[in-house]
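Subject: Structure handover

Hi,

Here is the structure I promised to pass on to you. Please have it open while you read, and my notes follow just below.

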Amino acid sequence: MNHPNSIWIPVKSESDLVRSIVDTKRIANEIGFDNNACQMIATAVSELSRNILKYAGKGEIIISPIQKGYRFGIEITAQDRGSGIADVEQAMADHFSSSGTLGLGLPGVKRMMDEFAINSVLEKGTRVTIKKWR
């Protein structure tokens, strides 16, 4: 899963969250995404980083340029070793929030990306992998 050009960012604080957003935007720009796409990808990473801090306390973001044939894109993995999500289907429902926020997080991230995968195991953690193709 880790690509040779991956950037791995430990997420333990608000400054790590900011770094994950800045690095994501930079890499998306280098891949050739336009400004709107870069902003959308950065927004998705912001949401995933925020979830790590809010629900697990710490984790990591891995940003990777990817290629499939002539297509270029970006893959971002957000992972933690927190308590996991008890009901992933419920967490993926619009307007569901376990913390009193708007609850647009994971469903919003899924809508912004071309590919979205989530794997969560109680007491082991959660991994979300997203991809956007240029």
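A residue counts as buried under 20% relative accessible area, as exposed over 50%, and as partly exposed in between. Thr43 has a relative accessible area of 36%, so it is partly exposed. Please keep in mind throughout that this is a predicted model.

Let me stay with Thr43 for a moment. This residue sits in helix 2, which covers residues 35-56. A polar atom of the Thr43 side chain lies 2.8 Å from the backbone oxygen of Gln39. Thr43 can also be placed relative to Met112: the two are 69 residues apart in sequence, while their C-alpha atoms are 8.9 Å apart in space.

Now to the strands. Strand 5 (residues 125-133) is mostly covered, with seven of its nine residues buried. Strand 5 pairs with strand 3 in the antiparallel sense, over eight bridges. One of the bridge pairs here is Ile74 with Lys132 of strand 5. Strand 4 (residues 115-121) also runs antiparallel to strand 5, and seven bridges join them. Ser120, for instance, stands opposite Thr126 in strand 5. Strands 4 and 5 form a hairpin with three residues between them. In that turn, Glu123 has a positive phi of about 65°.

Another threonine is worth a look. Is Thr77 buried or exposed? Its relative accessible area is 2%, so Thr77 is buried. Thr77 belongs to strand 3 (residues 71-80), and its side chain makes a polar contact of 3.5 Å with the side chain of Thr129.

- Glu75 is in strand 3 and Lys131 in strand 5, so the pair ties together parts that are 56 residues apart in sequence. Glu75 counts as buried because its relative accessibility is 7%, whereas Lys131, at 22%, is partly exposed.

- Lys132 and Asp114: here too there is a salt bridge, with 3.5 Å between the closest N and O atoms. The pair links distant parts of the chain, 18 residues apart: Lys132 is in strand 5, and Asp114 is in the loop between helix 4 (105-112) and strand 4. Lys132 has a relative accessibility of 13% and therefore counts as buried. Asp114, at 42%, counts as partly exposed.

- Glu30 and Arg26: the closest N and O atoms of this salt bridge are 3.1 Å apart. Both residues lie in helix 1 (residues 14-31), four residues apart, which is about one turn of the helix. Glu30 counts as exposed because its relative accessibility is 57%, while Arg26 is partly exposed, with a relative accessible area of 37%.

Which residues do salt bridges with shared partners join into one network? They are Arg19, Asp23, Arg26 and Glu30.

Best wishes

How values were computed
Residues are numbered from 1 along each chain as its sequence is written. This is a predicted model: local features need pLDDT of at least 70, side-chain atom pairs count only at pLDDT 80 or more; totals for chains, interfaces and linings use all residues. Side-chain values use heavy atoms; hydrogens and water are left out. Helices (H or I, at least four residues) and strands (E, at least two) are DSSP runs, numbered from the N terminus. Buried means under 20% relative accessible area, exposed over 50%, partly exposed in between (1.4 Å probe, protein chains only). A polar contact is a pair of N or O atoms within 3.5 Å; within protein, one must be able to donate a hydrogen and the other to accept it, and residues adjacent in sequence count only if both atoms are side-chain atoms. Two strands pair if DSSP finds at least two bridges between them. A salt bridge is a side-chain nitrogen of Lys or Arg within 4 Å of a carboxyl oxygen of Asp or Glu.
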